[in-house]
Amino acid sequence: MAALCTVRRRWRKLKCLQIFTRNLTGSYDYDLVVIGGGSGGLACSKEAAQLGQKVAVLDHVEPSAKGTKWGLGGTCVNVGCIPKKLMHQAALLGTAVKDAKKYGWQMPETLRHDWATMAEAVQNHVRSLNWGHRVQLQDKKVKYLNLKGSLLDEHTVRGLSKAGKETVLTAKNIVIATGGRPKYPTQIPGAAEHGITSDDIFWLNKSPGKTLVVGASYVALECAGFLTGIGLDTTVMVRSVALRGFDRQMAGLVTDYMEAYGTRFVWRSVPKRVDRLPSGTLQVTWSDTGTGREHKDTYDSVLWAVGRAPETKALGLDKLGVQLNQETGKIVVGPDESTSVPNVYAFGDIGEGRPELTPTAIRAGKLLAHRLAGQSTDLMNYDNVATTVFTPLEYGCVGLSEEEAERRRGKDGIEVFHAFYKPLEFTVAERDASQCCIKVICERGGDQKILGLHFTGPNAGEVIQGFSMSLQCGATYRHLLQTVGIHPTCAEEVVKTHITKRSGLDPTVTGC
């Protein structure tokens, strides 16, 4: 044992000498080392390799509190956008089957959804993406290391394997793109012991059954939406407001639709404890923040969706002097994704003030790769980034909410055009369309530049994606009126919007 310790000490001394020599001579193992194999980290590493850089990417997934683990690709691929959209699609198909009867399809009286079949298909697709990412890294000559990375200095990364084996790499530049993970409310007894998060829901092989979703973020509402859509008894517990940071009116329409759709909401309530009963079910005790009264109910699963924490604690950033926002734990970054330490960069969800969106991280990562390779000086434009909430009634938006536009320009400085429309698909199916809404927020004077555009309805992401480009080009309300719609579509209702809130006229669309 003593001999083994001596060997280890000598190996560490040798490594320290190698690091010192490399830093002194300017000779490094790699041009770029990326810590984090999510969408942004992979995009950055592959782009850098395409530009002739010698690149390594380190990725390691700590199992969730419930032991769930997954492969290369980060949150979006494994426990986020991709499985979420597929399960959302499963729920939409359930609604389509109900609509089909009105369209003449002879359907059996009872339909049953099988969770295991859906989960296996979704998980198999995710695994195919994991493999595809590994193949792409190999094809683009990026060195992939399944190691947990941390920083020793501004040019040195330590990688630790599952077995505890240490690998030291040096690089001219280091990029951190480790993203975040769901938070547990550890102050609530039984929360971590008995609950699950979005890190687990997509990898369950058995149906979660009757589910309580705690939280009202887009993650919470999307999960509650598809669980309701496949026929599960689902309740959402909301402490204050739903979809904080989004347009208030549109957020209200989303939750109104969900309630009509069958999702129960418990408003202004906070959980106090979670206990497992002898029957195996979970008893949740919560209190109403308005009255202070306590309530109890039982569930098969409790899904916590109360925010995400950045993956910064194990990176050694404090020793290196990388500045963090002490409140959020995120890395303080400049417009060029630089940190407070030279040669160390960070982007994506881990960056303070950055949108937690996959396409944003991918774009920022590619632009950073070009700057580090000396091929460009272009910076990421974080303004007017579109997004969509994949709830039962989808909500897509780009630009400012009405509240934010009013805060910046004043109530008399903006004009809000709006419309309530009925998708043609809803008519024969006799579906309620009272929450299908369009809102175009413009400057009141001059050319009436569009400040924000909001849409609830079918295929909201597809609709907003096209209009988002027009905002990048400085679109005005006049441009909107000059655009000829495609008939009959939901998107054409956007270019037909002409009634202002200020007028007080009924914005309900009539006729075709």
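This is a predicted model: local features need pLDDT of at least 70, side-chain atom pairs count only at pLDDT 80 or more; totals for chains, interfaces and linings use all residues.
**Sheet.** With that rule in hand I looked up the strand order and found six strands forming an open sheet, E17-E18-E21-E20-E19-E22, with antiparallel pairing. I then located its edges, which are strand E17 (387–389) and strand E22 (499–500), each of them pairing on one side only. In general, strands of a sheet pair through backbone hydrogen bonds, either parallel or antiparallel.

I followed strand E20 (residues 437–443) along strand E21 (residues 450–456) and noted five bridges between the two, in the antiparallel sense. Which residue of E21 is the bridge partner of Ile438? I traced the partner to Phe455.

**Whole protein.** I stepped back to the fold and recorded 16 helices and 22 strands in the secondary structure. The C-alpha trace spans about 80 × 65 × 50 Å along the principal axes. I checked the radius of gyration, which is 25 Å and therefore agrees with the value near 24 Å that a compact globule of 512 residues would have.

**Burial and contacts.** I found that buried residues, meaning those under 20% relative accessible area, make up 48% of the 512 residues. Of the contacts with a separation of 6 or more, I noted that 63% join residues 24 or more positions apart.

Key. Residues are numbered from 1 along each chain as its sequence is written. Side-chain values use heavy atoms; hydrogens and water are left out. Helices (H or I, at least four residues) and strands (E, at least two) are DSSP runs, numbered from the N terminus. The radius of gyration is taken over C-alpha atoms; the globule rule is 2.2 Å times the number of residues to the power 0.38. Buried means under 20% relative accessible area, exposed over 50%, partly exposed in between (1.4 Å probe, protein chains only). Contact means heavy atoms within 4.5 Å. Two strands pair if DSSP finds at least two bridges between them.
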